[in-house]
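Good morning, and thank you for joining.

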There are 2 protein chains.
Amino acid sequence: MTLASIDAIEGVKRPRIAIEAVTPTVDGGRFPVKTIVGRDLVVEADVFADGHEVLKADVLWRPLGGEWRRSPMAYVINDRWRGILTPDAIGRHEFVVEAWWDDFGTFRRDLTKKREAGLDVRLETDEGLLLLEGIAAQAPADAARTLADFILAARAADVPTRVAELLSPEAHAAAVAADPRAFASRSEIFGVEVERVQAEFASWYELFPRSESGDPTKHGAFRDVVKRLPMIRDMGFDVLYFPPIHPIGTSNRKGPNNTLTPGPTDVGSPYAIGSPEGGHDALHPELGSIEDFRALVQAAKEHGLEIALDFAIQCSPDHPWLKEHPGWFKWRPDGSMKYAENPPKKYQDIVNVDFYGPDAVPGLWIGLRDVVLFWASEGVKTFRVDNPHTKPFPFWEWMIAEVKAKHPDAIFLSEAFTRPKVMYRLAKVGYSQSYTYFTWRNTKHEMAEYLTELTTTAPKDFFRPHFFVNTPDINPYFLQTSGRPGFLIRAALATTLSGLWGMYNGFEICESAPLPGKEEYLDSEKYEIRIRNWNQPGNIISEITRLNRIRKQNPALQTHLGVTFYNCFDDQILLYGKSRPKADGTGVEDMILTFVSLDPHGEKHAAYEIPLWEFGLPDDGTVAVEDLMRGNRFTLTGKSQWIYVNPAEMPFHVWRLTNLPGASA
Amino acid sequence: MTLASIDAIEGVKRPRIAIEAVTPTVDGGRFPVKTIVGRDLVVEADVFADGHEVLKADVLWRPLGGEWRRSPMAYVINDRWRGILTPDAIGRHEFVVEAWWDDFGTFRRDLTKKREAGLDVRLETDEGLLLLEGIAAQAPADAARTLADFILAARAADVPTRVAELLSPEAHAAAVAADPRAFASRSEIFGVEVERVQAEFASWYELFPRSESGDPTKHGAFRDVVKRLPMIRDMGFDVLYFPPIHPIGTSNRKGPNNTLTPGPTDVGSPYAIGSPEGGHDALHPELGSIEDFRALVQAAKEHGLEIALDFAIQCSPDHPWLKEHPGWFKWRPDGSMKYAENPPKKYQDIVNVDFYGPDAVPGLWIGLRDVVLFWASEGVKTFRVDNPHTKPFPFWEWMIAEVKAKHPDAIFLSEAFTRPKVMYRLAKVGYSQSYTYFTWRNTKHEMAEYLTELTTTAPKDFFRPHFFVNTPDINPYFLQTSGRPGFLIRAALATTLSGLWGMYNGFEICESAPLPGKEEYLDSEKYEIRIRNWNQPGNIISEITRLNRIRKQNPALQTHLGVTFYNCFDDQILLYGKSRPKADGTGVEDMILTFVSLDPHGEKHAAYEIPLWEFGLPDDGTVAVEDLMRGNRFTLTGKSQWIYVNPAEMPFHVWRLTNLPGASA
């Protein structure tokens, strides 16, 4: 022994069976994969060892701290194995792949071959019985007894009988029950964040409660919002989201159109949070009391709506924290403080906290967490977080975990419009959903490329895109000149491409007057009260209502995943399908096929391919079509077809394709 | 504090700066990346944090247990950073990416912007000096003193002077020297196996020493091999590899052509290792003594050749280990032992060891390791390992690490012709090189696809392909019917596509007589002594010599990496280039462009594109060409060209392309 022999013993303990390339995982297991309760999660791994022995593999999984369950994995191809787990509860789960040497399986395989080759297998049967004895010796009492009985009987039999018995289902079952799982090895443990359905499928409506009085001279209140709930619900929305509802500071208050010279009656930006009347856990007095808020949350619930609040970590200079916790902020040498910026935007009415300031750890972190916990205790479980990319990742990872420990149904939406890797990291550290670049993707190529990135590359396992068609901050250039057809185009794209979509009010009446040259609204509701006539001519309420209903009725539209782009031979018609695979894996159950003309102005007449092949049909096959917007039904025969789109009428089609009744694929 | 506040403190310790997607790595760091001493290793990572502060990053690296060195990383694009480390010694190394908050860099960036905008920056200069004070407080004495002097002088100056001083190179240098690296975070540590050049670039020649007597009735010996060294060296080979040279068992000895009825003078397969005369650490007596072997190793060295031995872990039934260590083998219930199989091949003359047998751990593992250490101590540093895929991965990982700990220059070649993931795993656990599917890739598409997999996907970082054109086990079907041009085709492909190529003797005289219908040689040298006439007509020795010389003269051919396939509009002409990038990154220094007609029978005349763009040239540009096989020089103008290949003369061209002298790209 020229080198340390103990190393040999360490070496021999390394797993004999290789388990590689486990999917789905995020950054090698550093972060959890995301999924939805009740959905199948397909786990795959490369599993192999030296030699030619039969292997077996399971995926083991459990809610954190719970009991492990086992799902068998099956061999697919090229040493790849696949298993399925289906979480039935929300909360953090974990899984691990286990593989082992199936000694008796190897024996049965080899014995079968030799018997078929007509060889003398007496010695093999002796070996098989010895193998079972070895297995019995390590087995629990019951299994051991069954095996012992089996061995005793087989030893007494002649060779052909022995062979038949060793290859019998009974022997197989007894060996499986007693399997010592020789050379069992396990992958790392990987996390899975299982969330409620609304983390992936929900339709959001955003409004400023202060604009709900119906009278431009009167500050709206929570009780005014209650009156609006039926209309919002009738349009098919699930989540009603408010910008901040806390006391608004008066120092450096903004006037209309982001001016710095407000008049005495100007309401200021609700993002300038905090005044002597309170901070992040207080309500703006003019909106109502905590009782009024509770009544609104309850009324929303009764209408099947959920309230989402804005979590904006910034303070008006009048926020109580500046006096109570000066160490949570960064002061300049002259005792002043820098206002917030998100270049090129300037926020003169707010200051930022300093997460690593002298007294900020852990006080500030806990204080912020407790704000969220407070609203969660008031029944709010969904939080839209303002500019999370300017706050530290470790804060979010810790804070979201803390909140989910108490409220596993909490959902956080990241409002980070920044570089892609930063946006993805926020999803990794815990955000359920994220705003996206959707608003700035207007061409056919851009849209297909972006959706392909989101649904087929790494982000598919952890990043859920939320497609807002507009926000109080974003009055898209496209909509400023598109007219009503443009609003229909963007609504159709958002509702059919992503499980999550949202609109800020005004969209349904095609509001688009810009601050000249900017992507901002004129007379922005961020700085003033806006009263609107929801029934004004040209509104698209009925189309939005129909789209939201189609989403509810068609599971394929309840996620961004599973989209495929098809050939439509016009540069401005985007054609895509989303399907539900059949349970038996032989094709698709149905498909939602959507045509959207991205040109709001001209009529289009274009050739396209209807994806018959997805239904297992030949190029001259026939599918049944239901036009979900218009309600009519027809059939189409043959792969090559023509489509007509007239934006003046409706710039898109949403069809449900099925096999013809009675036809077999 | 509704939840444990200690968790906030834990959370805050998590790195503020994200370091993701570090490359190159193998299986997330489980295995080392492979490289060659003296070669630049480009390390990249995504590095980013919250906010808009200036970051810095270094890659730190060292030989295991040595001192860390730092190489600065530079920002590339989209939060990607890049640095280079250049190991100057062989052995295991490790690297880690470190990133930190460049507080003073952020200050300088912002101050510059504000000065350019003409703002009052008095307060900013105060902040800058406070920042430097903070840095000085954490700095080593020297750097702190420099900073203190600087601060004192700056405080006394007026604002414009202060600004100039704060933005001066001196201030920058002083701050860098004292940089406390705020929020420094590190990636995981990743391993790098740095090997000698021969791990990636070597030309191998294989022969059976017993065939070297020149007389078919006389057993060859090591001293006969010595006489052959000049000829092998003149052909340009670096490594001379022998099948096993140990005593050969007589039990179940194989006769000619793998028959089971040998005559008394039949020599048997050298893979039936072990007889009463000794086992894996003994020499077959008819080959010579240990002194003869040492003389051969020494003579080879003097000729610039290195000896490679075969490490075949199997035993003839006559191997001493069967009596000395019965617990290292698996016995059947009747006291017999199964012979070895590698379906469909049967090896009736050998038995396998049992790595997890009752007495095998750690005795057998140590025994096998010590065999390799013994030959290493005799000056053999390269081992071709027979069928490693039928032995446990943990054994190889442990054994190779043990040998390399004593002999960091050891090289192991894996002879695993099996499923791809198994072959790749063997490379991951420590093999420097591997046999490949090259021998069975014959069409243009197959070859390009295989090379693309090896050079652009995960294996590029750990798997080095060794392109053997034939072996004693493989008489390729292609060569059985191709005639001499086929041998030239395969030699050209192997020598220009991979840094590692090898031939088993007989190839240079175009031997191809098969065992009918099989991919085996007739009268295989595995079972009998074969005497050949090396100068027989039609031999391709001069072509092989030329190809090996071209490899030595052109660094681009000394690795499989860096190959690009180009358009040649003939289904049977493979066109590819390998280039050396210029040091300044502005294109390529030169390119070896190779045309190989894969059809050994017909002439070809085909259009192709000469890759002018790689030289930064327009489509009507001109390159200088040197025909490396024929020695002539010419120029080519314009991207579209025609090539003529006549297999009867030479089925390939190897050109060196350069910019015209005096021309600037």
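I will speak about the interface and then about the symmetry.

Please keep in mind that this is a predicted model.

Let me begin with the extent of the interface. On chain A, 63 residues are in contact with 63 residues of chain B. Together the two chains bury about 5600 Å², and 59% of that area lies on carbon and sulfur atoms.

Next, the polar side of the interface. The rule finds 16 salt bridges between chain A and chain B. One of these joins Arg332(B) to Glu127(A), with a distance of 2.8 Å from N to O. Polar contacts across the interface of chain A and chain B count 16 residue pairs, with both residues at pLDDT 80 or more.

Which elements of chain A supply at least two residues each to the side that touches chain B? They are the helices α1 (6-13), α3 (122-137), α10 (363-377), α11 (393-406) and α12 (420-429), together with the strands β1 (18-23) and β3 (41-48). The most comes from α11(A), which gives six residues. Sorted by class, this side of chain A holds 26 nonpolar, ten polar and 27 charged residues.

I turn now to symmetry. Chain A is superposed on chain B by a rotation of 180° with a shift of 0.1 Å along the axis, and the RMSD is 0.1 Å. The two copies are therefore related as by a two-fold rotation axis. Within chain A, the residue that comes closest to this axis is Gly28(A), whose C-alpha lies at 3.3 Å.

Finally, 100% of the interface residues of chain A are also interface residues in chain B, so the copies meet through the same surface.

Methods: Residues are numbered from 1 along each chain as its sequence is written. Chains are lettered from A and ligands numbered from 1 in the order in which they are written. This is a predicted model: local features need pLDDT of at least 70, side-chain atom pairs count only at pLDDT 80 or more; totals for chains, interfaces and linings use all residues. Side-chain values use heavy atoms; hydrogens and water are left out. Contact means heavy atoms within 4.5 Å. Buried area is the accessible area (1.4 Å probe) that two parts lose on being put together, summed over both. A salt bridge is a side-chain nitrogen of Lys or Arg within 4 Å of a carboxyl oxygen of Asp or Glu. A polar contact is a pair of N or O atoms within 3.5 Å; within protein, one must be able to donate a hydrogen and the other to accept it, and residues adjacent in sequence count only if both atoms are side-chain atoms. Helices (H or I, at least four residues) and strands (E, at least two) are DSSP runs, numbered from the N terminus. Ala, Val, Leu, Ile, Met, Phe, Trp, Tyr, Cys and Pro count as nonpolar, Asp, Glu, Lys and Arg as charged, and the others, Gly among them, as polar. Copies are superposed by least squares on the C-alpha atoms of residues with pLDDT of at least 70 in both.
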